[in-house]
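Dear colleague,

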Amino acid sequence: MLTYTLDERGGLPLYEYLYRRVRADILSGALAAGERLPSKRALAEHLQISVITVESAYQQLEAEGFLVARPRRGFFVAAVERCLPAHSAPPKPSETSEPVWRLDLKGGQVDVSRFPVSIWAKLTRQVLSEGGEALLAPVHQQGLPALRRAIAANLRNLKGMAVAPEQIVVGAGAEYLYLLLAQLLEGAAFAVEDPGYPKIRQVYSKCGVDCRPVPLDGQGVELSALEDSRAGVLHLSPSHHYPTGLVTPIGRRQALLRWAAARDGVIIEDDYDSELRFTGRPLPTLQSIDGGGRVVYVNTFSQTISPSMRVGFMVLPPRLLERYRRELDFYACAVPALEQHVLARFLERGCYEQHLSRMRKEYRSRRAKVLEAFRTSSFAERIAIFEQGAGLHFLLRLDTARSDGELRRRGEELGVRLGFLSECAAVFHPGYAHTLVVNYAGLRAERLPAAMDLLGEVFAE
């Protein structure tokens, strides 16, 4: 009987680890051509794993030609050329190796296939041919002036924000900007939305910030809880909260600005995902109605262009800009000059707005198809979907007796990566259980039937 130590699999799903071990034994000669493998049920019982896990591994091996299935007889080792000595032990999977998921509903994927690569390449060639010494010159600490002017114009055109390029600080993604803000506002306690994007709490906490989770009600951050937190800084996403999708209405926004004025505090407006709104006009930002200089506006190009585009920016109100220049302008801009020059032209020439318009249409269509697939699936009667017509994710509540941990492990056995609302909470609430955060951007129409079949297996009672 095949015996493998499954606790050596690292971060790999069980089915993939089993597939790798059997494949290695075939290639090494430990399993000879024509040899019959144990039945799926027998091997599952021997290894104390599910039959579905063994079946998934066997099916992958059959698809790649390592096994031959014979009706009513089982699986047999195919004749393949050896590439390892018979005595060689299969290599252990690296602890840092990324698992290969059959279906990933958790990762923050975007569809990069529709990005106008040819235009970006053309602009890159132009910058390289025209840049000369300017391309190799040091970049201003707050970012390339041309890029900051382009961002300011873009904010004015798309969001109606009147900001000066001098107020903008360019950084290598949102996390880098969080690090700067933690130092700029050193000593203050930070209130953060609960549930909320976990990385915000992680970054601030690693910087020594006292993070105080504040619960949400139907309009966003709960005011009484915010008052009770006695925080001096509030980090929130009022236009499209992650993961609930909540939009903070104007009355609550005005109340939050009054709170900041009374506390002599600061609000960090994280405008994540807000550009991808599919119904109505873009929502006004909190910064645009701030008359007291209390709001720091933060955004990136990770969702609209690509997560690998590590370019973000923040808009500082005048009093914090003065403090930033006094205390933090020793930091060099961490975004490469070439990338800044190209992005500036991409914005200036309207390419970004055109790309954004195309992606809104694409994601609107994709979202509709994904929602329809869920609503007509074999498990449709056991789910409820909550979505706000914006962003690249929605919430799905499953009627099940299984815990989130059980669902996660069952998904991993089948190569399915799931994300849960409970993972976004600093303080657990029973109402968060059995609610998945479904990131749908990577789900293409042709993959939906297979995806629903896989989820049907994961959700089966």
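How many aromatic pairs does the count come to? The count comes to 17 aromatic pairs, where rings of Phe, Tyr and Trp (its six-membered ring) pair if their centres lie within 6.5 Å, and planes under 30 degrees apart count as stacked, over 60 as edge-to-face and the rest as tilted. One of them is the stacked pair of F394 and Y440, with 6.2 Å from centre to centre and 25° between the planes. F394 belongs to strand β13 (residues 393-398) and Y440 to the loop between β15 (435-439) and α15 (448-459), so the pair ties together parts that are 46 residues apart in sequence. Helices (H or I, at least four residues) and strands (E, at least two) are DSSP runs, numbered from the N terminus. F394 and Y440 are both buried; buried means under 20% relative accessible area, exposed over 50%, and partly exposed in between (1.4 Å probe, protein chains only). These two residues also belong to one aromatic cluster, formed by F374, F379, F394, Y440 and F459.

Before the remaining findings, a note on the basis of the work. This is a predicted model, in which local features need pLDDT of at least 70 and side-chain atom pairs count only at pLDDT 80 or more, while totals for chains, interfaces and linings use all residues. Residues are numbered from 1 along each chain as its sequence is written, and side-chain values use heavy atoms, with hydrogens and water left out.

R70 lies over the face of F76 at 4.3 Å from the ring centre, and R102 over the face of Y15 at 5.4 Å.

The backbone contains cis peptide bonds. One joins D194 and P195, with omega about 5°; P195 is in the loop between β5 (190-194) and α8 (198-206). Another joins Y242 and P243, with omega about 15°, and P243 lies in the loop between β8 (233-236) and α10 (250-263).

Positive phi values in residues other than glycine occur at R72, near 60°, and at D264, near 55°. R72 is in the loop between β1 (67-70) and β2 (74-77) and is exposed, with a relative accessible area of 89%. D264 is in the loop between α10 and β9 (266-270) and is exposed at 53%.

Finally, helix α7 (residues 174-184) is mostly covered, with eight of its eleven residues buried. Among them are Y176, Y178 and L181.

Yours sincerely

How values were computed. Lys NZ or Arg CZ within 6 Å of the ring centre and 35° of its normal.
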